[in-house]
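Me: Hi! Could you walk me through this model?
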Amino acid sequence: MIRTSLAVLVIDENRIRASIIEAGLREAGHERVTVIHDVSGIARRIAEIEPDVIVIDLENPNRDMLENMFQLSRAVKRPIAMFVDRSDQASIEAAVDAGVSAYVVDGLRQERVKPILDMAVSRFNAFSRMARELEEARSELESRKVIDRAKGILMKSRGLTEEAAYTLLRKTAMNQNRKISDIAQSLVTAAGLLGPAEDE
Amino acid sequence: MGAEHQITAGFMPLFDSAVLVAAGELGFAAREGIDLTLHRETSWANIRDRIAIGHFDLAHMLGPMPLACNLGLTPLASETIVPFSLGLGGNCVTISNAVWAGMAAHGAVPDLDPARAGAALGAFIRERAAAGRDPLRFAVVHPHSGHNYELRYWLAACGIDPSREIEIVIVPPPFMADALAAGRIDGYCVGEPWNSAAVAAGIGHIVTVKALLWRNSPEKVIGVRKAWAEQSPEALAALLRALHHSARWCQDPANRDELAAVMAQRGFLGLPPVVQMPILTGRLRLGGGAELDIEDFFVPFDKAANFPWKSHSLWFYTQMVRWGHVAHTPENLAIARDCYRPDLYRSALKPLGVALPGANAKVEGALKVATPVGSAGASLVLGPDGFFDGQIFDPDEIDAYIAGQSRR
């Protein structure tokens with residue numbers, strides 16, 4: 001017997017993450033994948049798509065509306081339930097930890113759905129990691145900029161070389177048990193308050 | 001040294017999470033030896049899921065939500081108990097300007113009187129039906145919510161069938177006013193500040209309030225994972241004491257500005273103090289220039305507001321039965337009765353000499369005026385607790401009450 005491929009609907013307001021999941025599902029051989037970013041008019045879309053599996057991010061504030069619709073709406077021809085298998089607590093925990101949930105139509109066998117949920121979980125985790133790394137890189141860049149400005153202020157007001165200015169910042173940070181970027185930020189703020197702009 | 005108890009709690013960014021938020025932010029929890037971590041959530045479904053898998057020990061919840069969990073009405077639910085109520089009242093019914101105009105043509109005036117407003121709405125609904133127009137669409141925040149049940153109660157008591165003559169949909173609270181402005185819904189029942197928000201934007205009218213539909217009636221509660229409560233009785237008792245002190249502080253009008261400033265922070269309600277004033281003062285702008293002071297509009301502490309009355313839990317159960325959410329069976333009735341836990345409230349607060357009610361349930365609707373009651377140790381004033389239609393709910397006569405309820 002030939003298995004028809006599952007229709008998967010991904011509801012995620014985050015377009016980048018949604019496309020990462022979509023790509024993952026397509027790589028895994030799922031051709032019938034639809035991505036929705038905005039839930040307005042979703043009942044009609046569900047009626048058109050007739051999804052077997054719905055993957056949704058937990059940040060979505062419309063989850064309560066969606067759950068209610070899955071149970072009640074005439075547009076949803078087949079009852080849709082949350083993907084819950086009590087015997088697989090670890091998988092449920094992994095999903096909630098990753099920030100994703102899945103709903104499936106009644107009667108769909110668990111082994112056909114689990115790979116989809118596992119895929120979503122791993123892609124959600126990869127996305128979080130990527131977002132975290134980007135944030136770290138961004139704040140690293142910000143710190144470097146503020147340290148450069150603080151060095152400039154010290155070089156100008158105290159006649160220090162760049163190296164001496166940096167050493168002074170580092171020593172102060174160590175003595176106060178704070179980060180160099182914090183000390184630099186304090187210095188830049190204080191300089192802004194006390195005198196004419198140093199470097200603007 | 002760290003705190004004696006680590007407790008993790010979830011909440012939704014609604015004003016009636018204030019007692020829980022203030023317990024964490026203003027030191028009431030710390031004074032009871034609790035390190036209370038608060039997590040802001042985006043849906044009730046998330047709160048349910050995170051309680052179920054143990055991310056949260058307890059959470060700010062809709063009053064009927066723990067019943068729905070225990071009655072098996074929701075997926076991934078774990079057994080949840082209610083040892084503390086977060087306050088009474090706080091909700092309104094808001095409608096679009098167009099519906100208000102239609103109601104006004106049938107005798108509605110801006111006095112919030114539920115019977116008069118309901119009669120006018122009913123006449124407008126039938127006029128629309130006769131003209132072949134679509135039914136009005138109302139929104140509530142969740143099917144298992146006080147909002148859904150009080151909206152339906154009001155409409156049914158006014159002769160409107162809430163399942164046939166209108167449509168009821170689910171919309172998250174912060175989106176209500178936008179949905180009303182865009183014409184996707186014609187009205188809604190939600191907690192503050194989302195009613196005053198529509199009035200301030202000039203897009204809606206408040207037509208009645210929870211405090212007039214059922215005086216001093218239950219709204220949000222603290223839902224606790226039963227397994228955690230059983231493992232950590234001392235932590236739970238300490239938390240209930242902290243919540244008690246927090247609620248007393250929240251009730252004091254002298255603390256309004258400070259409470260509003262706490263709730264205004266981005267991590268909590270995240271809305272400026274000025275929009276929190278209607279719920280704090282009970283003075284509402286209704287739309288069209290009308291203003292009204294509502295007695296007991298939202299009660300976070302007085303009137304035994306924190307006591308988890310079994311009669312409140314059982315009334316929610318009667319409404320779940322009424323609207324087909326659950327079958328009335330002896331087993332389900334027992335689950336509903338066991339969900340709210342006044343025994344835990346009593347045992348945690350008795351050592352403080354707090355005024356405690358003499359019984360665990362009361363006849364709802366029996367108190368026509370505020371009434372001092374006999375209580376253990378200190379003085380306590382209850383009620384009034386009347387329903388606007390004069391009905392009485394006696395939890396000892398629950399079969400008769402359920403049998404007497406119409407579906408319209």
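Predicted model: local features only at pLDDT ≥ 70, side-chain atom pairs only at ≥ 80, totals over all residues.
Reply: Happy to! Residues are numbered from 1 along each chain as its sequence is written, while chains are lettered from A and ligands numbered from 1 in the order in which they are written.

Me: At what angle do α4(A) and α5(A) cross?
Reply: Roughly 35°, with the axes of helix α4 (residues 89-98) of chain A and helix α5 (residues 110-158) of chain A coming within 9 Å. Helices here are DSSP runs (H or I, at least four residues), strands likewise (E, at least two), numbered from the N terminus.

Me: Which residues of α4(A) make the contact?
Reply: Ser91(A), Ala94(A), Ala95(A) and Ala98(A); contact means C-beta atoms, placed from the backbone, within 7 Å.

Me: Switching to chain B, how many helices and strands are there?
Reply: Chain B has 18 helices and 18 strands. Its radius of gyration (over C-alpha atoms) is 20 Å, close to the 22 Å from the globule rule (2.2 Å times the number of residues to the power 0.38) for 408 residues, so chain B is as compact as a globular protein of that length.

Me: And how many residues of chain B are in contact with chain A?
Reply: 17 residues of chain B, meeting 16 residues of chain A. Helix α3 (residues 44-52) of chain B gives the largest share of chain B's side, 5 residues.

Conventions: Contact = placed C-beta atoms within 7 Å. Axes fitted to C-alpha atoms, helices over the stretch in contact; angles between N-to-C directions.
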